[in-house]
Amino acid sequence: MATATLHATDTHDHEHEHHELGFVQKYIFSEDHKTIAKQYLISGIIWAFFGGAMSVIFRLQLGFPNMDLTWLKPVLGQWIVEGKLEKEFYLALVTMHGTVMVFFVLTAGLSGTFSNFLIPLQIGARDMASGFINMLSYWFFFLASIIMFSSLFIETGPASGGWVIYPPLSALPQAMPGSGLGMTLWLSSMALFIVSQLMGGINYICTVINLRTRGMSFTKLPLTIWAFFFTAILGLLSFPVLLSAALLLIFDRSFGTSFYLSEIYIGGEALPNIGGSAILYQHLFWFLGHPEVYIVLLPALGITSEIIATNSRKPIFGYRAMIGSMMGITCLAFIVWAHHMFVTGMNPFLGSVFMFLTLIIAVPSAVKAFNYITTLWRGNIIFTPAMLFSIGLVSLFISGGLTGIILGNSALDINLHDTYFVVAHFHLVMGAASFFGLMAGVYHWFPKLFGKTMNKNAGYIHFWFTFVGVYCVFFPMHYIGLAGFPRRYYSFTALGNGRMEAFVDMNMFISIAAILTFLAQAIFAVNFFYSIFKGKRAPQNPWNSTTLEWTAPIEGIHGNWPGEIPAVYRWPYDYSKPGSSVDFIPQNVPYSATPESNFPEENEEIANEKEIEGLLDIQNSAYSH
Amino acid sequence: MTYLIGLLSVVFLVLAIMIVSKSMSLSKGIQGTEQDQDTPLDGANNANAIGMIVFLVLGSIGAAWSFLYSRPDLLPVAASEHGLKTDQMFWVSMGVITFAFFVTNALLFIFSFIYRHKKGYIATFYPVNHKLELIWTVIPAIVMAVLVFTGWRTWRDITSQAPDNAVVIEVTGHQFGWYVRYSGNDDNKLGNNNYKLIDATNSVGIDFTDEKSFDDFTANEMHLPKGVPVLLKIKAQDVLHSVYLPYQRVKMDAVPGMPTKFWFVPNKTTDEMRYITGNPDFNYKLNCTEICGSGHFGMAITVFVDEPEDYATWCKQQKPFLTQNPDFLAKVPEKLKGKAQKYIEAPAATPDSTQASGATPAAATSLR
């Protein structure tokens, strides 16, 4: 069996230090990638509930504009005025929902958790390249979280200019109360967040390049690792641009510069600022903002690739095409940003260029979708909760991605820009799809993360409620957008001509669906926290998977493997290989051990096994400092 | 219709509960007997597989029904020439993606159902097929190329230079409203303005050292002539705003310090739209679509599209800003005072005599 080879190496007691760490070093300021991953995950889950709750509050306003919200006064205090949600606070909720979900949940919670957890375990490394920088990365994120969270409680309210915080609105405290202290805190928090992301990203890249175990060539890497690798590159190249955008904004706000400000008359006075460009900020912001979409989506796609292959009991279809399309998406992600800006007054010629580039990115995305579907074809599918969420992700990715073809067309974008059509589009393709990737990852790697198993039936219930719910929330939003409803509107009274009335029932429906979907997440929360403490002990390899993390001890020890790190001889997708008596062959099983299922070219690989073994000393010396 | 929507949600709920209870009872029955220590399989596998098909069927019905239900309110009647083109292109693109939407989702859920785990079945080891990869790289690429090309042509036409005979109107966004300034009845040219000249009366900062501004007039509502190119010169005073004429399919940001523009040809008058929509109170609106503060959602003015003759009449009824605020004569430089003087209504003189001395009304010349 698969685990037999593993136990052979287990008995060596390597001279790895096993001194017990104190509580603080073990659970708080830990340098162990597994602990840091758990810290990211739990922070992300807590943030997700706050972000979701904010959306429920503003959905109440949109779905039930006449509702008496006095009962929310104990929570929201002065933001409820005469039973109504305060208009500025509505915008603050929209802004914070976006910021929290995009950065704190889907960037930190998804990529922070799974890059940290899976990179060392799946490539066969004892830890990240720098455990200390990794620890700093989490604590910078924690500090950013504290600052962002504290901004919810200040008197003038948190930042309220939309998650894109376009100046001059965000630069001038006199434009709205949220642009005062709330925006200062937002910018400080984001600056720390970016620092955290950069430290994380550098670590991921270094670890993947340098610390792969013997035999783990790039073409034997699981697609998860490829996805995390590309994600880290995207983040490393684009987050600094957001940092510079934020710094220039801080200068404009506090030191009287005019990077983004020009010819402004506000609050009864003309400001002295001349020569700045508000559009410059948008270019800088979206130079991160668009790659950010893929920063949250690529890890989810990587996780899905792994889970779909494992649970279809089939190799992923088109392994190299998957890598190629991710590489294509990574490169193209940097040169499509201005499709967010077709109607900002940017030169129309640029609009043409960016329309062309944007629609090209649909091609690698389509390839990925087709490859997933083909992987399912003639599989032997086991519907674990993780598998359900992965299939859900593919459906959401397709449904949301397709409307991108319309929005990427600048002529059509004129009418649809900043309407609910856009909201529906990105919530499906990036919000919900990435969230499903996060959930799939949690259900799949929970046994590895905590050494326990989650309740599967609760997982099924959670999936079906969430899947149906997400479609009920975001599918009808397309219609509202097509009817010309702009986003970030507190109420639709000013549209006139009975248009608001025509969609009262649909807005109500969306709100009800959103509330139910949000409540359904409690099933997950209970299951998650209960299972951490009271779950059944996990088996060694619960999903019969081929990748290296399932060869490591269930308890998750410091250094990951007690003895030598296993060597890797084959790619990670040898599922249902013809001739083999088991339906999966782990990566650490040499070809010489499976003569019955080897292809001719794989028999030739047997000659290289000695060479791979010979690398052990070099690998060990890398860890003995 | 609320009932139907309620019904739909109930159906989904019942469905979810059904699957759940079935999966629970199945897993209870099977635990310990058939469950193999080595596979993560449980009794809910078939129920989840059936769930995929049920979701596909109910989801497709829901998608189709909700579309037909809201169809009358989607893309309200286009009231500009380019709007007709983009609407048509929208529906073509929509057709393409709807096809792809149903085909790919159907394959996804049907494959999930058909290839659910069966005891003794072995999945096909099928890691790669270059021909297939090539096919589904090339086909989307071709479809995209066609869409890009048609989109690009339309975009190029929409964003081209405005025709010379276009009626020029300036619209300025501020927290929270729109100022509209017309180029006047004499020269069809907007005078300069400067944000430093803004005060309580001169809300768009008209610069009276420029003689072109003498005949400019402002309004609280927007009037547009039908069938004539209209060039909107868009400005913002404080923060970003965005001009949105939903029926004319016009949208362009208003940026402080950077004037933007959009030209289009309105092709349905307000009266025609009242007839088409069957709503005697119908009015076009100019809304804001860029978040600008607490009043963002209410930042709208009424827009009237008139027959060209009615538009010309309306324009003639408007009095230049200078006429309404003669104090601003003091800001006019000495050498231009003479020219400005004719816009000042002397208390004794009849307004008509000054008007008659003016040139041919610009609006009329632009209607050739």
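Tutor: Let's start with a helix pair in chain B and then turn to a strand pair. This is a predicted model, where local features need pLDDT of at least 70, side-chain atom pairs count only at pLDDT 80 or more, and totals for chains, interfaces and linings use all residues. Residues are numbered from 1 along each chain as its sequence is written, while chains are lettered from A and ligands numbered from 1 in the order in which they are written.

So, the helices: the axes of H3(B), residues 81-114, and H4(B), residues 130-158, come within 11 Å and cross at roughly 170°. That makes the two roughly antiparallel (angles over 145 degrees count as such; axes are lines fitted to C-alpha atoms over the stretch in contact, with angles from 0 to 180 degrees between N-to-C directions). Helices here are DSSP runs of H or I with at least four residues, and strands are E runs of at least two, numbered from the N terminus.

Who touches whom? On the H3(B) side you'll find B:His82, B:Lys85, B:Thr86, B:Met89, B:Ser93 and B:Val96, and they meet B:Val143, B:Leu147, B:Thr150, B:Gly151, B:Thr154 and B:Ile158 of H4(B). Contact means C-beta atoms, placed from the backbone, within 7 Å. By class, this contact has five nonpolar, six polar and one charged residues (Ala, Val, Leu, Ile, Met, Phe, Trp, Tyr, Cys and Pro are nonpolar; Asp, Glu, Lys and Arg charged; the others, Gly among them, polar).

Now the strands: E5(B), residues 230-236, runs antiparallel to E8(B), with five bridges joining them (pairing takes at least two DSSP bridges). B:Leu232 stands opposite B:Phe262 of E8(B).

Definitions and conventions: Parallel < 35°, antiparallel > 145°, perpendicular 65-115°, else oblique. Contact = placed C-beta atoms within 7 Å.
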